[in-house]
Amino acid sequence: MLHTKRALGGVFVAPHHLAAQAGRDVLREGGNAAEAMIAAAAAIAVVYPHMNAIGGDGFWLLAEPGQAPRAIEACGPAAAAADADFYRNRGHDVIPSRGPLAALTVAGTIGGWERAREIAGQWGGRLPLPRLLEDARRHARDGVAVTPSQEALTRAKLPELADVPGFADAFLLDGQVPREGQVLHQPALADTLERLGDAGLDDFYRGELAAALAGDLARAGSPVTGDDLAAYQARVVEPLSTRLRTATLYNQPPPTQGMASLMILGLFDRLGVTEAEGFEHIHGLVEATKQAFLVRDRHCTDPAYMDVDPADFLTDADLAQRAARIDPATALPWPQPALPGDTIWMGCIDREGRSASFIQSIYWEFGSGVVLPATGVLWQNRGISFSLDDNAPQALKPGRKPFHTLNPAMARFDDGRTMVYGTMGGEGQPQTQAAVFSRYGLFNQPLQQAVTAPRWLLGRTWGEESTSLKLEARFEAELVGKLRDAGHQVEVLDQDFSDTMGHAGAVVRHPDGVIEGASDPRSDGLVATL
């Protein structure tokens, strides 16, 4: 359906309907956008475990009318014991992608919830923490129906996850892959969520929960220790921004690829394309993506290891110079490496216009696969993006933050509209953001149409190995032919709506108070309104 949903009391978009409803219900009880997002973040960690968990990382953009947006960086660093020798001494030339040795970074997302709750309090939020975690706790205790994507990904990844500590007990039913619609219970995770509500979120890092987590991590063989947990704090940081003709865009600074997301739209805006969906639109965004990814891959890492200011790549002069390198008729050859990743994006705008754009991730589907028995926490494998080569751009160092594909987006239009938007999908995140924003923000398509319309992906995601330009099957043959003639290595997928293209969403508030929402038909989500 292409009908954009509208309401006045608040709109919440999530890739799982129970998470969207958890956020909406907090709005109904008088909570603000930040409080609603905490509730949804907890809920989706339970109901969509193949895509995210409380043992992962998170990034936020939060804003209230008339004030500058604020970003929260909730990504954990590599453990103090995690260096190249740690792995070489255990017979590894590369970091294993699954299992305890893949669980080498601190999980930051709970720390991000704590920072978001502080901002929620500054906005007048007063809902108690147990209430914000209530839906998540209930879904973990009572059970949740397995989604089609969870069944499919459990089946596809089981050969590499079946023997990982804790995975089978947590995510198989009677030793078998759970089928769509079967009920999955997570009692240990329910206890953990209850403990967090009673003791406070800091307990995850410096309390009884931290001790339980550290004990299980040590027994499993992870390098992450209680000291690593105790040393962690999520940070409120200044977002990056860039100007387009009609709006200012905001996104996360490094170690995320938010810089690339802003660059793609900044470059495309300078190409002078006037119509959506034609060759100039798709080709222009793909070529802008290549220019942005060249910068990203060379420079973007833990800010402590960067020798450039990412804001320098977002100036009018730099964007104009790079836009001039884009050939309007010919594709730049593209044998570039690509970045995998699986995650969720959620967005919310409340009645007063306060907004939240949020991403939470465990990197690959099911992360490391390690589920800690005392707490039911699934741990991420974000740290496998590090290299054991000391001279590599993303060399593993103790305490270093890994590169992140995660980048929630926000826009403020000159006419007073506010937009939050984003997607999951690793390498595809900046590209889908560009597709959705350009369709809505530059070419005035209805919001739901901008999300539903056919999408493309340059590179790989969801375990794909090819780096071709992938197109959903709904693109017309004439356009496909033009892209091939221009030199693009085009691969037409056999699906009209492919998970390869991510699970996007968007929320827009107009100056008159009307709020619009759009969710992705590729996901299990919905637009929940008040």
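This is a predicted model: local features need pLDDT of at least 70, side-chain atom pairs count only at pLDDT 80 or more; totals for chains, interfaces and linings use all residues.
Residues are numbered from 1 along each chain as its sequence is written, and side-chain values use heavy atoms, with hydrogens and water left out.

S3 pairs (at least two DSSP bridges between the strands) with strand S11 (residues 355-363) in the antiparallel sense over 7 bridges. Within S11, Gln360 is the bridge partner of Gly58. S3 also pairs with strand S4 (residues 70-74), again in the antiparallel sense, over 5 bridges, and Arg70 in S4 is the bridge partner of Leu62. The hairpin of S3 and S4 has 6 residues between the strands, and Gly66 takes a positive phi near 80° there.

## The sheet S16-S17-S18

An open sheet of mixed pairing is formed by 3 strands in the order S16-S17-S18. Strand S16 (456-458) and strand S18 (490-492) stand at the edges with a single partner strand each, so one side of each is left without a neighbour in the sheet. Direction ignored, neighbouring strands of this sheet are turned by 20° against each other on average (axes are lines fitted to C-alpha atoms).

S16 and strand S17 (residues 469-471) pair in the antiparallel sense over 3 bridges; Lys470 in S17 is the bridge partner of Leu457. Helix H14 (residues 279-299) packs on the sheet and touches S16 and S17, its direction making about 30° with that of S16. Helices are DSSP H or I runs of at least four residues, contact means heavy atoms within 4.5 Å, and angles run from 0 to 180 degrees between N-to-C directions, with helix axes fitted over the stretch in contact.

A search of the whole structure finds 2 cavities of 30 Å³ or more. A cavity is a set of points on a 1 Å grid where a 1.4 Å probe fits but cannot get out, and lining residues have an atom within 4 Å of a point. The largest cavity holds about 50 Å³ of space, and its lining includes Phe171, Gln186 and Leu189.

The second largest cavity has a volume of about 40 Å³. Among its lining residues are Trp345, His503 and Asp520.

Notes. On a 1 Å grid over the protein atoms alone, a cavity is a set of points where a 1.4 Å probe fits but cannot get out, and a pocket is an open set with protein on both sides within 12 Å along at least five of seven lines; lining residues have an atom within 4 Å of a point. Grid points are joined across faces, edges and corners, and a volume is the space filled by probe spheres set on the points.
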